[in-house]
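I have the model open and want to know what I am looking at. Can we take it question by question?

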Amino acid sequence: MNTHTMALFPSLGEFGHRQTVVLEEERIIVVREKPLDIIKHSCEFFSASYEGRKKGTKRLMKITHMPPIVISNSQMIIFFPLSSPENADCIWLAHNHVKDWDKIKGSHKNHKTLVIFSNLQTYPLSMQSSTFDLKVCRGSRLKHIMEESEEQAAHHPDHFSKVYEIGLYAEPKHLEEILLKEDGFYKLISSL
């Protein structure tokens, strides 16, 4: 998955195996993996686990049900599921490629939303526009929180070291003078 990936649509292959139609800005490809597996492998490619990303979103936003997932911090790739990720028919959309959306007029029971992607391709979704709006807003909020965290870290580089600082020790000439490994853990011999 890369910054050109706009959506992951679940599909069935010729012999009934599950696969994914990957919508990119300039092409459509078929991958012999489920959408959730692509999301998980993409998280791992960027040195994180899917479960870790879910926990991170929960900690930052208190969202536990169908949270948006940060695939890459540096490239700000965020995907959000349109239904439970465990569902075989779950579609995943890239937050930065959702340009707009609108309610499709029709029967009251058949709520549909037309999503407009960044390359101006459109696709009708079987969901209320208010539900879709909430999912996009969650993605925007997560992106905003991530950007604020990056900015805070850039302007206050010592912030994270102060959070975990439990004591001040003199700078040793050799670490082995103050650190002792015992039972697989390190402990301070003295504060010098």
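Reader: Which residues does Arg-32 touch, not counting residues up to four places away in sequence?
Author: Contact means heavy atoms within 4.5 Å. With residues up to four places away in sequence left out, Arg-32 touches His-17, Arg-18 and Gln-19.

Reader: What pLDDT do local features need here?
Author: Residues are numbered from 1 along each chain as its sequence is written, and side-chain values use heavy atoms, with hydrogens and water left out. This is a predicted model: totals for chains, interfaces and linings use all residues, side-chain atom pairs count only at pLDDT 80 or more, and local features need pLDDT of at least 70.

Reader: Is Arg-32 buried or exposed?
Author: Arg-32 sits in the loop between strand E3 (28–31) and helix H1 (35–45). Buried means under 20% relative accessible area, exposed over 50%, and partly exposed in between (1.4 Å probe, protein chains only). Because its relative accessibility is 63%, Arg-32 counts as exposed.

Reader: Which side chain makes a polar contact with that of Arg-32?
Author: A polar contact is a pair of N or O atoms within 3.5 Å; within protein, one must be able to donate a hydrogen and the other to accept it, and residues adjacent in sequence count only if both atoms are side-chain atoms. The contact from the Arg-32 side chain is 3.1 Å, and its partner is His-17.

Reader: How many helices and strands does the protein have?
Author: Both are DSSP runs numbered from the N terminus: helices are H or I with at least four residues, strands are E with at least two. The count is four helices and eleven strands.

Reader: In what order do the strands of the six-strand sheet run?
Author: In general, strands of a sheet pair through backbone hydrogen bonds, either parallel or antiparallel. Two strands pair if DSSP finds at least two bridges between them. This open sheet has antiparallel pairing, in the order E3-E2-E1-E6-E5-E4.

Reader: Why is one side of E3 and of strand E4 (69–72) left without a neighbour in that sheet?
Author: These are the strands at the edges.

Reader: How many residues lie between E1 and E2 in their hairpin?
Author: Strand E1 (residues 5–12) and E2 pair in the antiparallel sense over seven bridges. In the turn, Gly-16 has a positive phi of about 85°, and the residues between the two strands number five.

Reader: How many residues separate E2 and E3 in their hairpin?
Author: E2 and E3 are antiparallel and share four bridges. Thr-20 stands opposite Val-31 in E3. Between the two strands of this hairpin, the number of residues is three.

Reader: Is Glu-24 buried or exposed?
Author: Glu-24 belongs to strand E2 (residues 18–24). E2 is mostly covered, with five of its seven residues buried. Since its relative accessibility is 9%, Glu-24 counts as buried.

Reader: Which side chain makes a polar contact with that of Glu-24?
Author: Not counting residues up to four places away in sequence, Glu-24 touches residues including Asn-2, His-4, Asn-119 and Gln-121. A polar contact of 2.6 Å joins the Glu-24 side chain to that of Arg-27.

Reader: Which are the edge strands of the three-strand sheet?
Author: This open sheet has the order E7-E8-E9 with antiparallel pairing. The edge strands pair on one side only; they are strand E7 (98–104) and strand E9 (122–125).

Reader: In E8, what is the bridge partner of Val-98?
Author: E7 and strand E8 (residues 112–117) run antiparallel and are joined by six bridges. In E8, Val-98 has as its bridge partner Phe-117.

Reader: At about what angle to E7 does helix H3 run?
Author: Axes are lines fitted to C-alpha atoms, for helices over the stretch in contact, and angles run from 0 to 180 degrees between N-to-C directions. Helix H3 (residues 129–155) lies across E7, E8 and E9, and its angle to E7 is about 160°.

Reader: Which residues do ring pairs link into a cluster?
Author: Rings of Phe, Tyr and Trp (its six-membered ring) pair if their centres lie within 6.5 Å; planes under 30 degrees apart count as stacked, over 60 as edge-to-face and the rest as tilted. The structure holds four aromatic pairs. The cluster links Phe-80, Trp-101 and Phe-132.
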